[in-house]
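Here is a short briefing on one protein chain. Look over the sequence and the 3D view, then read on.

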Amino acid sequence: MDIESKVWEVLCSEEEIKDRISELAEEISKAYEGKNLLVVSLLKGSFIFTADLVRKMSIPLKVAFMITSSYGHSETSSGSVSVSMDIQDNLEGVDVLVVDDITDSGITMKYVTEHIMKKSPASIKSCVLLDKPDRRQVDLEADYIGFSIEDKFVVGYGLNYGDYYRNIPYVFAVTNEDR
Ligand code: IMP
Ligand code: MG
């Protein structure tokens, strides 16, 4: 896919993302009131979403980062995930919320939640900005979802194409139309 020569279609505007994140932050803040929350952000894709989400949250929380990679084709998950940077936190009595940019096949989030479960946290839930339910290959539904979208390759707001465009402040889909 030669992204530069294609027409981009905005799927989630800056304003829509901002409003939805405020709602999610309020919902999550209520759910974790009085708990011991650790937000685990999956790099690189969720760095912008995580930064915006936690700044709208009204409860005390800690943040940790994990790097996961899925092998194979760059646009899709291949089924095998590896952790190249793990969290170091002791999770005893800790309520973990894993934050990612998108669930596509669901393989990454399923793998990460199972990986963190082995560290015996008090609880584990997941939050994604985007969800592509039509693409699911495993039984996995995030607990908090920003936007459910169609099966399109999306870029921007942390999501990359060839490791570029993460800094675009909205989410766009690349169409088949040439510009
Ligand atoms: P999954 O393991 O198939 O659910 O894929 C999750 C990961 O694949 C995400 O964290 C993204 O890094 C990447 N991904 C999936 N769909 C897209 C997309 O449409 N655009 C950019 N990255 C994507
Ligand atoms: Mg990712």
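Is Val-40 buried or exposed? Val-40 counts as buried, because its relative accessibility is 0%. Buried means under 20% relative accessible area, exposed means over 50%, and partly exposed is in between (1.4 Å probe, protein chains only).

This is a predicted model: local features need pLDDT of at least 70, side-chain atom pairs count only at pLDDT 80 or more, and totals for chains, interfaces and linings use all residues. Residues are numbered from 1 along each chain as its sequence is written, chains are lettered from A and ligands numbered from 1 in the order in which they are written, and side-chain values use heavy atoms, with hydrogens and water left out.

- Val-40 lies in strand 2. Helices (H or I, at least four residues) and strands (E, at least two) are DSSP runs, numbered from the N terminus.
- Val-40 and Val-98 are 58 residues apart in sequence. In space, their C-alpha atoms are 4.7 Å apart.
- Neighbours within four places in sequence are left aside here. Val-40 is then in contact with Ala-64, Met-66, Ile-87, Val-96, Leu-97, Val-98, Val-99 and Ile-116. Contact means heavy atoms within 4.5 Å.
- Ile-116 belongs to helix 3 (residues 107-117), where it is buried. The buried residues of this helix also include Ile-107, Thr-108, Met-109, Val-112, Thr-113 and His-115.
- The buried residues of helix 3 pack against strand 2 (37-43), strand 3 (62-70), strand 4 (81-85), strand 5 (95-103) and strand 6 (123-131).

- One open sheet has three strands in the order 1-9-8, with antiparallel pairing. Its edge strands are strand 1 (6-12) and strand 8 (154-155), and each pairs on one side only.
- Two strands pair if DSSP finds at least two bridges between them. Strand 1 and strand 9 (residues 171-178) have five bridges, in the antiparallel sense.
- Cys-12 stands opposite Val-171 in strand 9.

**Salt bridges**

- A salt bridge is a side-chain nitrogen of Lys or Arg within 4 Å of a carboxyl oxygen of Asp or Glu. By this rule the count comes to 15.
- Side chains of opposite charge can pair when their charged atoms come close.
- Lys-30 and Glu-26 meet in a salt bridge at 3.5 Å, N to O. Both lie in helix 1, four residues apart, about one turn of the helix. Lys-30 is exposed, with a relative accessible area of 60%.
- Glu-114 and Lys-110 form another salt bridge, with the closest N and O atoms 3.5 Å apart. They are four residues apart in helix 3, so about one helical turn separates them.
- Why can residues placed like this meet? An α-helix has 3.6 residues a turn, so residues three or four places apart point the same way.
- Glu-114 is partly exposed at 43% relative accessibility. Lys-110 is partly exposed too, with a relative accessible area of 28%.
- Arg-135 forms a salt bridge with Asp-104, the closest N and O atoms being 2.9 Å apart. This pair links distant parts of the chain, 31 residues apart. Arg-135 is in the loop between strand 6 and strand 7 (144-148), and Asp-104 is in the loop between strand 5 and helix 3.
- Arg-135 counts as partly exposed at 25% relative accessibility, whereas Asp-104 counts as buried at 13%.
- A network of salt bridges links Asp-104, Lys-132, Arg-135 and Asp-151.

**Backbone features**

- Most residues other than glycine have a negative phi, and most peptide bonds are trans.
- A cis peptide bond joins Leu-43 and Lys-44, with omega about 0°. Lys-44 lies in the loop between strand 2 and helix 2.
- Asp-163 has a positive phi, near 70°. Asp-163 lies in the loop between strand 8 and strand 9, and is partly exposed, with a relative accessible area of 41%.
- Tyr-165 also has a positive phi, near 70°. Tyr-165 is found in the loop between strand 8 and strand 9, and is buried, with a relative accessible area of 13%.
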